[in-house]
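Let's work through some exercises on a protein chain together. Try each task yourself before you read the solution.

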Amino acid sequence: MNIAQSDITADPRMNEFIAANIPFLGPDEEIMRDHRMRPRSEREERVLSQGGNEYLFVEIRRMLQGTLDDNYEITENMIVAPAARFGDLTTAIFTGAGDHAMASTKGVIGFCSCIHYPIRFVNKYYAHDPAVGVYEGDCFQFNDPFYGGMHPPDHSSFMPVFYEGELIAWVCCGLHQGEDGAKEPGGMGPAMESPYDEGLKMPPIKVAEKYRVRTDMLTFLQNSTRDPRMLGADIKTRFATCQRIEEALHRAIGIYGVDAVVGALRQNIEYVADEVKRRIAELPEGTIRTNAYLDSTMREDVLLRMPLTMTIRDGRMILDFRGCAPQLGNRPINAPQTSMKVLLSMCYLCFVWPDLPRVNAVLDPIEFITDRNSICDASRDVPTALNMQVFFKGITLAHLAMAKLYYPTRPKYGKVIAPWFNQAVTFIYGGITQNFEMVGNLCADLNGMPGGAHWDDDGEHSITPNFAAMTDCGESEITELELPFMQLISKSFATDNLGFGKYRSGAGYQTSAAMRGSPLWGFSAIAGGSKFSSVPGLFGGYGSPAYPVCKIKNVNIFRELEKDPSLFKSDMATLMNTRPFDGAVYTSNRAAIPFELCEEGELYMMSQGAGGGYGDVLERDPERVIKDIEEGLVSREIARSLFFVRFDDRTLAIDHAGTEQARADERKARIARGIRFHEFVKSWVRTEPPANIPYFGSWGDDISVVYANGVASPADAVPRVMMADPRDVKVARLEAELAALREQPTAQS
């Protein structure tokens, strides 16, 4: 007998059966593609429809802001994960529906800008599921990017807040956990080739009930990683942080009433959304196009295009990332669309509108367009552990576009500055410590990115990453106390490591690592920008230089130091150029290296980069150039050949007349070197990418066609891209060379 589908679904028993037997609760596209806030709840509407008491709301938010900032600092001092101890964390409050209402003023805004996704998932799928439910004292945890996380090493905990049985809010604590049982120690590494290499992939899971951490879940999660002590301690620390914020909300309700607290949270969200709409309407209408290029898949050198077209029209802001390189099936630099949206909140709240409350409503009026299955909108079947290679670049693109829009605009809400440095320059480590503990994580040097030049001043030296405000880059002494390596070159500035311009960027520091006292230890690195500048300048300023990771192998640097302690008055360039250790092997490598074991005393070195410069180098005040020489930031050669400053070699006294003449001569030389625009276009523009460059992405203005290593395809139908293993490529090349040698005739005796 045939039964109509409508007859089946009309039967409540069948609906219950279907709901209880879903094969797999995968990510919900409806949730994951919606970054906007939910409509007001009935209580919110009732409270705010009459206007509410604005001064009372401000008082409530100040009380709660103090709670969030206090608990940020408490967590920073209690947590075990290294990055979180140096500020890579956040605390936040959400409405009952999951809208982001408040966040700590310090730390990484992205850790809470994404948590509305799993909260909405829990509200939709778990709240009414009798096997799970949402109750007072519960705590959930997640890290999977396709359920809303940034990337797998970032772990977040969130718990519901009830008042008389009504769910009125959620509180959270998110941070960079690092080690999560992935293929490479530390939770992220260049050699991860599938989602199944990435360790723990948690959708929202309940880790605590009735204010107690579940021992079975805790044991399972700990058993899945190299560092169970760290993971267990940090799960409990995040849970304790959530409970303290929950208590503060209950105190606020006791003082002001539940309606006032709910109204204060909702009003904050709506204020930010409305204010961003107003500010967008102030901007000049038009289109800004910016481009970035990733020069590495983390395993091989490539050029991956990442364009952004930002359009302001009729009070709307549209961010169009179409034309990006296609996703790579076996490289970990792919980013879900949710990550791309989070990057905008980090960019706008750090650089563009830093005066606004740090909530996700900053994105509410903004529209996004992406190509599916691109590095900017990846699918679940590709790895994403190093997706910050994409969204750090996205921060730069949006920052650059907004700087150009705000340059002629009044009023401004933040300074116009050139882009910040945007690479994750740090060592990932793993192995057995001097205390006989298995660990894997990263150094806090990641946070030491230098700033871009300001429109009216030089940029800041290594100070904070482009994705956060008010974080720290750690102390070498603390690192060396806990881990079996020493940073013999630590936080020293290299000469000429700047984005040059009328105003220069900040300088990035060098760092190093050499293992000592471990039976098993190794390092990896996860940066790009070794071949192609990762940061552009602004209005004529220079971009950042390119940076390798340098290694000195087959040496014990500690024995060499016993012979000659003066060696480490040196820097990376001096050691690599003078090669003072006989028998050692010196190599320069791309800034991403897969995890490798090392011997005691072998030296690994890297350098933070530079932000972008601002304006023409010929307009830089000669006094600033000389000051940079005195501080070791600029060489005399660059001062003469790039800034065209003339000075006395011994006293550094400026020859002002000579400088003016040299700069006038250089301006004439520029004109002489120049060619007409149509001639430049004729000699430079090509119809397709050069055949000798492994190029991925659209070419020129046509975003409907995307190239993948020489093959053009429609942007919506790019075949799956799989990269060959670099070791197989090397073996094949060597075998071909060997075969060619065998075919050569032997010499006659």
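Two residues are in contact, or touch, when they have heavy atoms within 4.5 Å. Residues are numbered from 1 along each chain as its sequence is written, and side-chain values use heavy atoms, with hydrogens and water left out. The model is predicted, and local features need pLDDT of at least 70, side-chain atom pairs count only at pLDDT 80 or more, while totals for chains, interfaces and linings use all residues.

**Exercise 1. The chain as a whole**

Task: Find how many helices and strands the chain has, and explain why its radius of gyration agrees with that of a compact globule.

Solution: 
- Step 1. Helices (H or I, at least four residues) and strands (E, at least two) are DSSP runs, numbered from the N terminus. The chain has 21 helices and 24 strands.
- Step 2. The radius of gyration is taken over C-alpha atoms, and the globule rule is 2.2 Å times the number of residues to the power 0.38. For 749 residues a compact globule would come near 27 Å, and the chain has 27 Å, so the two agree.
- Step 3. Along the principal axes, the C-alpha atoms fill a box of roughly 90 × 70 × 60 Å.
- Step 4. Among contacts with a separation of 6 or more, 73% join residues 24 or more positions apart.

**Exercise 2. Inside the chain**

Task: Work out what percentage of the residues is buried, and which residues touch the most other members of the largest nonpolar core.

Solution: 
- Step 1. Buried means under 20% relative accessible area, exposed over 50%, and partly exposed in between (1.4 Å probe, protein chains only). Of the 749 residues, 58% are buried.
- Step 2. A nonpolar core is a set of buried Ala, Val, Leu, Ile, Met, Phe, Trp, Tyr and Cys residues joined through side-chain atoms within 4.5 Å. The largest one has 180 residues, and Tyr348 and Trp353 touch the most other members.
- Step 3. Helix α13 (residues 388-406) gives the most to this core, with 13 residues.
- Step 4. Apart from it lies another core of 19 residues, including Leu498 and Phe644.
- Step 5. Now look around tyrosine 348: beyond four places away in sequence, its contacts include Met310, Trp353, Ile366 and Met402.

**Exercise 3. Backbone angles to check**

Task: Is the peptide bond from arginine 410 to proline 411 cis or trans, and what is phi at lysine 210 and asparagine 709?

Solution: 
- Step 1. Start with the background: most residues other than glycine have a negative phi, and most peptide bonds are trans.
- Step 2. The bond from arginine 410 to proline 411 is cis, with omega near -5°. Proline 411 is in the loop between α13 and β12 (427-432).
- Step 3. Lysine 210 is not a glycine, yet has a positive phi of about 50°. Its loop runs between β6 (205-209) and β7 (212-213), and at 71% relative accessibility lysine 210 counts as exposed.
- Step 4. Asparagine 709 has a positive phi too, near 55°. This residue lies in the loop between β23 (702-708) and β24 (711-714), and at 46% relative accessibility asparagine 709 counts as partly exposed.
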